[in-house]
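Here are my notes for you, written as numbered points. Keep the structure open while you read, and look up each place as we get there.

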Amino acid sequence: MNGMNDDLLLCAGIDKSYNGPQVLSGVDFSLRRGEIHSLVGENGAGKSTLVKILTGVTQRDRGSMVFDGREIPLEHGRTAAQALGIAVIYQELSLIHGMTVAQNIFLTREPLLPGLRLIDRGKMNRMAQELIDRYGFRLRATDVIDGLSIGQRQTVEILKALSGKASLMIMDEPTSSLTAAESAQLFEIIRLLKARGITVLYISHRMEEVYQLSDRVTVLRDGRKVAVLEREQISPAEIIRLMIGRSLTGRESGNRMVRSSGEPVLEVEGLCAEGRLVDITFQVRRGEVLGFGGLVGSGRTELMRTIYGIDPFQAGRIRYLGKPYVPSVARSIAGGYGFVPEERRLQGIMGGLSITGNIGIANLDASSGRFGLVSGGKELDHARQAITLLNVKPADPDIPVGNLSGGNQQKVVVGKWLIRDLKLLIVDEPTVGIDIGAKEEMYQTLRRLADSGVAVIIVSSDLAELTRLSDRILVLRKGRIVREFAEGTVTEEDVLMASSGILQEVPP
Amino acid sequence: MSISAVRRLILTGLLIAIGAALSFASPAFFTVGNLMTLLQEASQTGIVAVGFTLVLITAGIDMSIGAIIAVTAMLCVNFLYYTHLPAYLFIPVALAGGCAIGWFNGFVITRFKLPEFIVTLATRGLLTGLALIIAVKDADGFVKNVFIEDPLFLRFGGAIGPVYFIIPVFFALAAATQFFLKRTRAGTNVYATGANPAAARLSGINTARTLVGVYMFSGFCAALAAVFLSARMMTAMPEFGIGSEMDVIAAVVIGGTPFTGGVGDIWGTVIGTLFLATIKNGILKLGLSPYIQPIAIGGIIVVVVVVDVWYKGFAEAVAARAARQKRLLDGEGA
């Protein structure tokens, strides 16, 4: 390699903090021209912050950035990044529905008829088709976006970036909503881009993808660069070791699983849901915390929604408290389920309502009298009960939940269920966006609930949390349970290996 | 064939069927005179509906269109009564007035990020009162009926042979607007702003400017309709146009432009306008009470919206099922 010219991007000593906590500290990062470079790290390692800095969505505090031989000033903006040729393929696709492929590719840059301000539609379609054919994609320029699959839409996003002469293409978890066949097609496209001299920065949790694709891998942990691996050094196990990075000694190394002997609360057998879940069998007992691990898109959330009764299933049996059970939301609530959804702001709380109002809404049956009239006094009692039980701060039942911190919002969501005769509590990502102190309290609350005889199911992408909290862990992959950790010691590494399909499949 | 094409075909077929049925039921329906009246009425609503369609494509709404008609009509009468200026001078002023009101709507909506419904509803209130205030009064303070005598102005209400002047104007405006929507960058921006404002901004579209432009155009169309209405009536009243929102919204929604934005076009609105005018005209020709017109219009809106939502859900369910099946096959193949 001879010097500067091989590097498309050189970052040195990048620091970034969001009012307080340091998200990136002294990160060095480089991209070579025309390579496929993967950026890996656990949730919160700083990957997305680094990408945001590159694309000008947020500004770095310190450090130098040189792109294509040009120094990038600290005040880097989104438009400037675009002008440099840095393109992002957005996870939530940013296409305009109702428009054709060609219209989306050339949006705001449509070719015009000479001398007129009218769009030359024929030329636009021809240019789009040429671009599509040059890369050999299976698309028609005149197809309307609405009729395309997610994979095809992503292709259109890539074409849009290509037509804008991108030299660096950033893909953030591009395969999370793709089928296996679509993912394979995407890899073809990525290799094609590489062959055309375009640099690809690839971000993924899926080790086998990183392994298959990458020329180099940069590993981030806790906002620091841990290692840069060259092609021949890359192995999934090594990447995971670097990502987790804790020395495997003492009680930090893993958590002992405890087998619970309580009677089963929920038994699921052979559950299948079209395109989402395949042959799921498990049970959860009184007093047990059952953890579900797996990558995003592995079917964890879908499974929770199905056993709660939100989504339908095609085959399989469910028994609840020993009796056959067909879940529906109303029956689940009446039967003693509690459900804390993943998207707290969207599905868990009503921000404008007070703590009393939020807790009351799930307990209207308990606080209403003979004529269906709701007793304000009873609602207030419930709210006070939940506030004391969970130590919600501030302890004011009238305060709108939207004004509380993330941790306290989460407590209110859990609190909705606590004051009932709770038998099964399902918590999807219990501590996302919560500060450390509140996390600890949430763990204690969940533990206490389990000790009092509630069966608790948690879903978490935070491996430390999952291994620490669970008495037993089931790992999902592509809609199947691929591994059970029921006894002995389990480490974060084990779970991640199983999620990535590296650890040999041992069905429970 | 796409969902919207099927829908349009059904609507056109229905329009022809209703027209044929009315021709059989009433000999007074299928005459040149009546058809021209029908087209004239359709054009009166249609001109406003063209502007309103653009607003609806951006996922907005303009409740002030009726009040803009009232105010600009009063503006015309004021000029005639007090200044005696010729029509070719004050008609452009009235049209500019419509644009200015539209600009105000768009500016307040985008600058302060307020809901379109509230802003234009407030404007509607303001303008309704303003129209009454600027109306020409007699000595007792009552609104005075001013007869328009300007010959050029009155030509707007006239006809060339059996064809009312407003009819070709409406169709020309519709054609030009359709062309604008489909063939210019600015037209593309209107769709993008309505379909996905975040993505539109990411692609470099100035969505605020697009919205302001759309509300200005809506105001312009309403003012144009006011000129034709006053010319045909040979006078103007401060209550002109108030309440006509109902017909305009009905025409656009029947035409297939939904409230969710990003979809729809002017051809649909033209068909919707004709559909509505045929129903209204038919009710009169069948000798039914004119009071059932609003009931019929309200009923049609409900039916159209329910069928649209049902059909969209049905089409999506079919597509989702196909996608899931494909996914399952892929999964097994991989």
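Is Glu429(A) buried or exposed? Before the answer, some housekeeping: this is a predicted model, where local features need pLDDT of at least 70, side-chain atom pairs count only at pLDDT 80 or more, and totals for chains, interfaces and linings use all residues. Residues are numbered from 1 along each chain as its sequence is written, while chains are lettered from A and ligands numbered from 1 in the order in which they are written.

1. Glu429(A) counts as buried, with 22 C-beta neighbours inside 10 Å. (Buried takes 20 or more other C-beta atoms within 10 Å of a residue's own, exposed takes 12 or fewer, and partly exposed is in between; C-beta atoms are placed from the backbone.) You'll find Glu429(A) in the loop between β18 (424-428) and α16 (436-451) of chain A. Have a look at its backbone too: phi is positive, about 50°, although Glu429(A) is not a glycine.

2. Now try Lys165(A), another residue other than glycine with a positive phi, near 60°. Most residues other than glycine have a negative phi. Lys165(A) sits in the loop between α5 (150-163) and β7 (168-172) of chain A. Lys165(A) is exposed, with 9 other C-beta atoms within 10 Å.

3. Zoom out to chain A as a whole. It has 18 helices and 22 strands (DSSP runs numbered from the N terminus: H or I of at least four residues for helices, E of at least two for strands). Its radius of gyration is 25 Å, close to the 23 Å that the globule rule gives for 508 residues, so chain A is as compact as a globular protein of that length. (The radius is taken over C-alpha atoms, and the rule is 2.2 Å times the number of residues to the power 0.38.) The C-alpha trace of chain A spans about 75 × 60 × 45 Å along its principal axes, and 45% of the 508 residues count as buried.

4. Next, a helix pair in chain A: α14 (residues 376-390) and α15 (residues 406-418) pack at an angle of about 120°, with their axes 9 Å apart. (Axes are lines fitted to C-alpha atoms, for helices over the stretch in contact, and angles run from 0 to 180 degrees between N-to-C directions.) α14(A) and α15(A) are therefore oblique to each other. (Under 35 degrees is roughly parallel, over 145 roughly antiparallel, 65 to 115 roughly perpendicular, and the rest oblique.) Ala386(A), Leu389(A) and Leu390(A) in α14(A) meet Lys411(A), Val414(A), Gly415(A) and Leu418(A) in α15(A) (contact puts C-beta atoms, placed from the backbone, within 7 Å).

5. Compare that with chain B, where the axes of α3 (residues 65-83) and α5 (residues 116-134) come within 8 Å and cross at roughly 25°. That makes α3(B) roughly parallel to α5(B). Among the residues that meet here are Gly66(B), Ala67(B) and Met74(B) in α3(B), and Thr123(B), Arg124(B) and Leu127(B) in α5(B).

6. Finally, where do the chains touch? The contact takes 24 residues from chain B and 19 residues from chain A. On the side of chain B, the elements that give two or more residues are α8 (185-195), α9 (197-202) and α13 (292-333). α13(B) gives the most, with seven residues.

Conventions: Two residues are in contact if their C-beta atoms, placed from the backbone, lie within 7 Å.
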